[in-house]
Amino acid sequence: MPTGSADGRELQLGQLPEAVAGVLGRLADAGHQAALVGGSLRDLLRGGAPGDWDVATSAPPEQVAALFPGATWENPFGTVTVRATPGPVSVEVTTFRVEAGYRDQRRPDEVRWGGSLEEDLSRRDFTINAIGWIPQDLRTRRGLLVDPYHGAADLQRGVLRAVGDPDQRFSEDALRILRAVRFATRFGLELDPATEDSLRRHAASADTLSGERVRDELLRILGAAEAEKPSSRAFEMMERLGLLVVVLPELQALRGVPQAKARPGDALDHSLRTADALPAGDPYMRLFGLLHDVGKASTLGDGHFIGHEAVGAQMVEAILRRLHVPRVEVARGRLLVRHHMFAYGGEWTDAAVRRFIRRVGAPSLADLFALRRADDVASGVEEPQRGGLDELRARVGVELATSPLSAGQLAVRGDDLIDELGVRPGPIVGRLLAELLEAVLENPAMNERDALLALARASLARGPEATAGGAETHRRDRSQP
């Protein structure tokens, strides 16, 4: 346990917003100690803009909530969310606490309010997050740095180091193992040797983490915009620590799978480069890029990966479900991996372009093109000007603007078939509409009511599914309650 209430270094935080200063000031005016702590202080020390604001205080949560009308307190860990003014600023105000026991490697078995700021900092994960700032003059934003574990110096040196005994820190919460990778890669830090050795010893315990917690950390890693090549550096670090095989064994299986690409490396190297080439603003897309070739490990034969996109789509769905990814993103990831191997050529007819749009789905095309572009970058190839991705994108744009591409755009509807052709509602209507859409995809000029009804009559004449009773019977049926 470090000694001393502060290292005494005066620090002026000119970037401290008025709303946050107001929270600190109101707590101090009520006779409570209050300090800026955690990631918000770390980011200020780095010269960045904090995304969240954290304050630690000696005040119990009930008193914090009473000081700030409209504040919410819905957790057992003493954190009160204050909607500060001016501006849309939220401040997480947490009571100084001492924790004991982590039998589930996630939550403390016991939480006691009180203690001191130093004790509160001692329970944190890494030294760069175990720093406090106690205001002395909020008007000028002057205060004292509380840095018992020398986190500010570690930031300057570019080192990530666990607070105290690293084995104890990682035994308390296995998520800290993934957080170490995130902080190191986001801020460009090197792992302290003792911390790195401990991470290796504890990597297997990441298997105890819930899918949701792993998902959230992976998305934070993939969504980092600050670091250069955040995806490749993070997952290479995971592999080095023995962590990748625990959290994403399907990705680890790509190590050593050969690639015949212009850029050197194996299938894992290629996958990491693909994720790097996608925008940080969409971390799910980066995750799909990371996983787009997972089917290659089990489909390699004679230098080819026959059907790896179909196998990979099934694997991606299983991985995303294991991570408890929302259903819409599971469907998005599966579709993109399934279709990422499309082989466009300038010889495609307009009908082929329309069928491609229909097969993939118009809403998914922008994502699919982005994934293909990233795949090209990772492979070291450029699409040709003629017969390449830009040409396909332009042709797709023309077809989306001018051609009917879905059953809802046909000149006839299901009721038209029922009323005009005397068929009953049911599967036959869907089959006829699908046939009509295929005809219109081939030739958009066929999208005329009379022409489509004639095609439908011809189809019925060829098959056994025309039904007795006709339109009049159906009209009577529809009139019944």
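## Charges over rings

A charge is taken to sit over a ring if NZ of Lys or CZ of Arg is within 6 Å of the ring centre and within 35 degrees of the ring normal. In this predicted model, Arg372 lies over the face of Phe342, at 4.0 Å from the ring centre, and the charged end of Arg182 sits over the ring of Phe183, 4.9 Å from its centre.

## Aromatic contacts

Rings of Phe, Tyr and Trp (its six-membered ring) pair if their centres lie within 6.5 Å, with planes under 30 degrees apart counted as stacked, over 60 as edge-to-face and the rest as tilted. By this rule there are nine aromatic pairs, among them the edge-to-face pair of Phe342 and Phe369, which stands at 6.3 Å centre to centre with 65 degrees between the planes. Because Phe342 lies in the loop between α16 (327-339) and α17 (350-360) while Phe369 lies in helix α18, the pair ties together parts that are 27 residues apart in sequence; helices (H or I, at least four residues) are DSSP runs, numbered from the N terminus.

Both Phe342 and Phe369 are buried, that is, under 20% relative accessible area with a 1.4 Å probe and protein chains only. Together with Tyr344, Trp348 and Phe356, Phe342 and Phe369 form one aromatic cluster.

## Basis of the model

Residues are numbered from 1 along each chain as its sequence is written, and side-chain values use heavy atoms, with hydrogens and water left out. Local features need pLDDT of at least 70 and side-chain atom pairs count only at pLDDT 80 or more, whereas totals for chains, interfaces and linings use all residues.

Technical notes
Helix = DSSP H or I, 4+ residues; strand = E, 2+ residues; numbered from the N terminus. Buried < 20%, exposed > 50% of the residue type's maximum accessible area, 1.4 Å probe, protein only.
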